[in-house]
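Subject: Structure handover

Hello,

Here is the structure I promised to pass on. My notes on it follow below.

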Amino acid sequence: MASEEIISLLDSPTQKDKEFIKKAYDFALKAHEGQKRMSGEPYFNHVFETAKILASLQMGPTTIVAGLLHDSIEDGVATEQEIKKEFGEEVLFLVNGVTKLGKVKYRGAERHVESLRKFLVAIAQDIRVLIIKLADRLHNMRTLQYVRPDKQKRIALETLEIYAPLAQRLSIRVLSRELEDLSFQYVDPTSYEKTVNLLKKKEKESMPELNKFIKTVKKALAAENMTHFKTDYRQKGIYSLYRKLQRHENDINNIYDILAIRIIVDTVSDCYKVLGIIHSIARPIPRRVKDYIALPKPNGYRSLHTNVLTKDGATIEIQIRTKEMQHDSEYGIASHLLYKEKGSVKGKENSETRWFKRFLPSIINYAKTSNSSEMTPGWINELAESQKNIKTSKDKDGFIEDLKADFFNERIFVLTPKGDVVDLPRGSCVIDFAFAIHSDIGIHMSGAKINGKMVPIDRELKNVEIVEIITKDSSKPSTKWLEMAKTNMAKRHIANYLEKNKNKNQIPRQK
Ligand code: MN
């Protein structure tokens, strides 16, 4: 075990990166000296493994260093001042962010699951904080057998309900899949066991057919002069199969993608060429040909899928994609953080902008409230546009900065007294909140409380405040509200109301 073990996982670290990581490695080793985990292992192993997970995701050196230090204040003997002095403000910010997230606990109240996920996103403030937390959680899940049984269940449930879905929203499949399968084992051991056995049986049945078909495909591609491609298998995750079984009457014969052949090619046009060749050697099954390249899934997933009937009567799913699509589907946002920490990679600008356009709606949908029509696609496009302008090496951290600035810093998250999360532009006041909940509540608002205290209705909202609106049937908006409101939705409702009631208001004055 040494810092080299982390560094060796990185693509092309600079000398500076190596030294930075080595320094954090030595610092963490000292900060956790003498401490042991439940397993009896040195505590340091945990932060070391967390850093290795981050390195395998190809995160930048700052994130890896923060991963090494993430428990050094809370559980070790380091201080904030030391970390700031030795590693800088950014690392301290990330370490503190991870600590804050650790304080949020899920105890199985269904109604709050979505709020809690949004809340985590809001307080993380930086996607890197979430990714460190996910890596931390993954290592804790890998070593959960050493934890007290009653705690095991709580942690596993929290992982399954909160952290695995978060990893999924960030499209980091390598994390979400392992988090799901590890926690499923503790949350529902019986179903886990059953699903594993089902999967094994299916694998044993299908492998000979798959291997035979791959040979046929290779021959057919070679005959068309296609030599640049790779094939492999993809097996569905255990929890993901379990969920799908539930949606299909628990009949494994209704599920076609348990085992799939994956063909990875160089270009998009090669994808279609391969699809054509496959359809010429095996009959496609109607309605099971999917073009997620022309029409990506809402989470940004791109690939061609087809299911064919082989000469032996077997049904086989084939997924065809480029290397880039494959990488995106496994590493999601993590892969795109990499491109920026490394500086602009030639020709990446376009793919990145494209990716942004695909990815952002999913995280925004995720953070938005169900009744907020304020989330305009324009805002998403603006953000995507702004990414085009990052070109110089001086801007190499610009991606992350913009992500922080535009996504986290331009939006605030406040809570209703019930714990629902409302997402508003920064600078929004109580009036905006009221209209975001419901236009009637806005119209009849007579006052408001923030964290239990009465406040003026033009009071600007801050992150994570609990806002309660007091209504009265006789209350109504005034022209002043138009100036106080920040969101277009609130302004529109107020203006409509004032316009409709203009005549009524004028009558008393004419008297
Ligand atoms: Mn930890």
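I began with the aromatic rings, and the count comes to ten aromatic pairs. Take Tyr292 and Tyr301 as one of them. Their ring centres are 5.9 Å apart and their planes meet at 65 degrees, so this pair is edge-to-face. The cut-off for that label is an angle over 60 degrees. Both partners are buried: Tyr292 has 17% relative accessibility, and Tyr301 has 15%. Buried here means under 20%. There is also an aromatic cluster, made up of Phe184, Tyr192, Tyr239 and Tyr242.

Keep in mind that this is a predicted model.

The charged end of Lys23 sits over the ring of Phe87, 5.2 Å from the ring centre. Arg37 lies over the face of Tyr43, and there the distance to the ring centre is 5.8 Å.

Now the overall picture. The protein has 511 residues, and 52% of them count as buried. Its secondary structure consists of 22 helices and eleven strands. Take the contacts with a separation of 6 or more: 66% of them join residues 24 or more positions apart. The accessible surface is about 25000 Å². Carbon and sulfur atoms make up 51% of that surface.

Next, the metal site. Which residues are the protein donors of the manganese ion? They are His46 (NE2), His70 (NE2), Asp71 (OD) and Asp136 (OD), and they lie 2.2 to 2.3 Å from the ion. Along the chain these donors follow the spacing H-x23-H-D-x64-D. Asp71 and Asp136 link distant parts of the chain, being 65 residues apart. Asp71 belongs to the loop between helix 4 (61–69) and helix 5 (80–87). Asp136 sits in helix 8 (residues 127–142). Are these two aspartates, Asp71 and Asp136, buried or exposed? Both are buried.

On to the cysteines. Cys271 is buried, at 0% relative accessibility. Cys429 is buried as well, with a relative accessible area of 2%.

Then the backbone. Most residues other than glycine have a negative phi. Asn250 is not a glycine, yet its phi is positive, at about 55 degrees. Asn250 is found in the loop between helix 12 (238–247) and strand 2 (259–265). With 57% relative accessibility, Asn250 counts as exposed. Arg287 is another non-glycine residue with a positive phi, about 65 degrees. The loop that holds Arg287 runs between strand 3 (283–284) and strand 4 (290–291). Arg287 is exposed too, with a relative accessible area of 76%.

Ile437 has 23% relative accessibility and counts as partly exposed. Ile437 and Thr416 are 21 residues apart in sequence, and their C-alpha atoms are 8.9 Å apart in space.

Best wishes

Notes
Residues are numbered from 1 along each chain as its sequence is written. This is a predicted model: local features need pLDDT of at least 70, side-chain atom pairs count only at pLDDT 80 or more; totals for chains, interfaces and linings use all residues. Side-chain values use heavy atoms; hydrogens and water are left out. Helices (H or I, at least four residues) and strands (E, at least two) are DSSP runs, numbered from the N terminus. Buried means under 20% relative accessible area, exposed over 50%, partly exposed in between (1.4 Å probe, protein chains only). Contact means heavy atoms within 4.5 Å. Accessible areas come from the Shrake-Rupley method with a 1.4 Å probe; for residues, only the protein chains shown count as cover. Rings of Phe, Tyr and Trp (its six-membered ring) pair if their centres lie within 6.5 Å; planes under 30 degrees apart count as stacked, over 60 as edge-to-face and the rest as tilted. A charge sits over a ring if NZ of Lys or CZ of Arg is within 6 Å of the ring centre and within 35 degrees of the ring normal. Donors are N, O and S atoms within 2.8 Å of the metal (3.2 Å for Na, K and Ca); water is not among the atoms, so sites may look incomplete.
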